[in-house]
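Colleague: Please walk me through the salt bridges and the surface of this model. Keep it short.

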Amino acid sequence: LLLSAYSVFALRGRYKVTEVKPHVFVWVPEDIHDFDSDPEFSLPGTAGFVIGPKGVVVVTTTNSPFHAREMLYEIRERTEQPVRYVIDTDARGDHMLGNEAFVDERATIIASSAAAAAMRAYRLDIARRMDAEAEPGFLMRWRMRGIHFPLPAPTIDKDLTLGVGGEQIRLLLPGTGPSPGSLVVYLPQSKVLFLGDLYENGFIPKLRGVNLQRWAGYLRAVESWDVDVYVPGHGAPGDKKSLAEFRKFLEWSEKNSQPPPSEEESLVRI
């Protein structure tokens, strides 16, 4: 019994929830790779939620339903309002494999059309990798057991504004970034911008095959927005200074034609 109690206590310490603005929360996991997720996306992404008087909006569901349920637990510690929307900022598994945790909440899952298409292809790839007879297939079957992420519906091809009580939530399509169909979430009243994989705070992103000049140009533009808190795809929330430092890294990489720091798909801690 003591061992069980200790295990539960230890697991509760693997993430931190911060209220960056009134009713706007960011869920930041520790820098620990998971064994219950796709091995290619074993590092959980940063997520968040917005509590309004008529419902809750979740921004990304991180890399597994297990972590997503941790976030749902934190939501229920603060409100009994229903989760009305889940927003997938991109198609990468570290930001949307937890979608199924919100199915029972009857939440509407929203993503861009391009991201949804990439998710459908990713679902087929998961099935192919799980069917493999070699050791990687066994590893996938063991790690992905019980994970069945639902696809977003509806999808969007242009900017959209959601209203949940008093908070205006703008879904914007930047048309650039390291993931297909990236979507950013802007809260103009709270001055918070969720950038997904367009911004990594303390991590080096995947750079291969990405137009770094266009990506950096978009970040330069959002630096001028009336925003106090920039929420990254991984790492803690940042300010204009930390966003500018990341943008300068992209510009330096583009100027020096630097290849990605590793052949691995996983992020590398700075």
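Modeller: Helices (H or I, at least four residues) and strands (E, at least two) are DSSP runs, numbered from the N terminus. This is a predicted model, where local features need pLDDT of at least 70, side-chain atom pairs count only at pLDDT 80 or more, and totals for chains, interfaces and linings use all residues. Residues are numbered from 1 along each chain as its sequence is written, and side-chain values use heavy atoms, with hydrogens and water left out.

Colleague: Is Phe-35 buried or exposed?

Modeller: Buried means under 20% relative accessible area, exposed over 50%, partly exposed in between (1.4 Å probe, protein chains only). Phe-35 has 57% relative accessibility, so Phe-35 counts as exposed.

Colleague: How many salt bridges does the structure hold?

Modeller: Side chains of opposite charge can pair when their charged atoms come close. A salt bridge here is a side-chain nitrogen of Lys or Arg within 4 Å of a carboxyl oxygen of Asp or Glu. The structure's count is 13.

Colleague: Which residue forms a salt bridge with Asp-228?

Modeller: The closest N and O atoms of the pair are 2.9 Å apart. Asp-228 sits in the loop between α6 (212–223) and β13 (229–234), and its partner is in strand β1 (residues 15–21), 207 residues apart. Asp-228 is partly exposed at 39%. The partner is Lys-21.

Colleague: Which helix holds both Asp-125 and Arg-129?

Modeller: The two form a salt bridge, with the closest N and O atoms 3.4 Å apart. Asp-125 is partly exposed at 22%, whereas Arg-129 is buried at 12%. They are four residues apart, about one turn of the helix, in α4 (residues 113–131).

Colleague: How many residues apart in sequence are the parts that Glu-251 and Arg-220 tie together?

Modeller: Glu-251 forms a salt bridge with Arg-220, the closest N and O atoms being 2.8 Å apart. Glu-251 lies in helix α7 (residues 240–255) and Arg-220 in helix α6, so the tied parts are apart in sequence by 31 residues.
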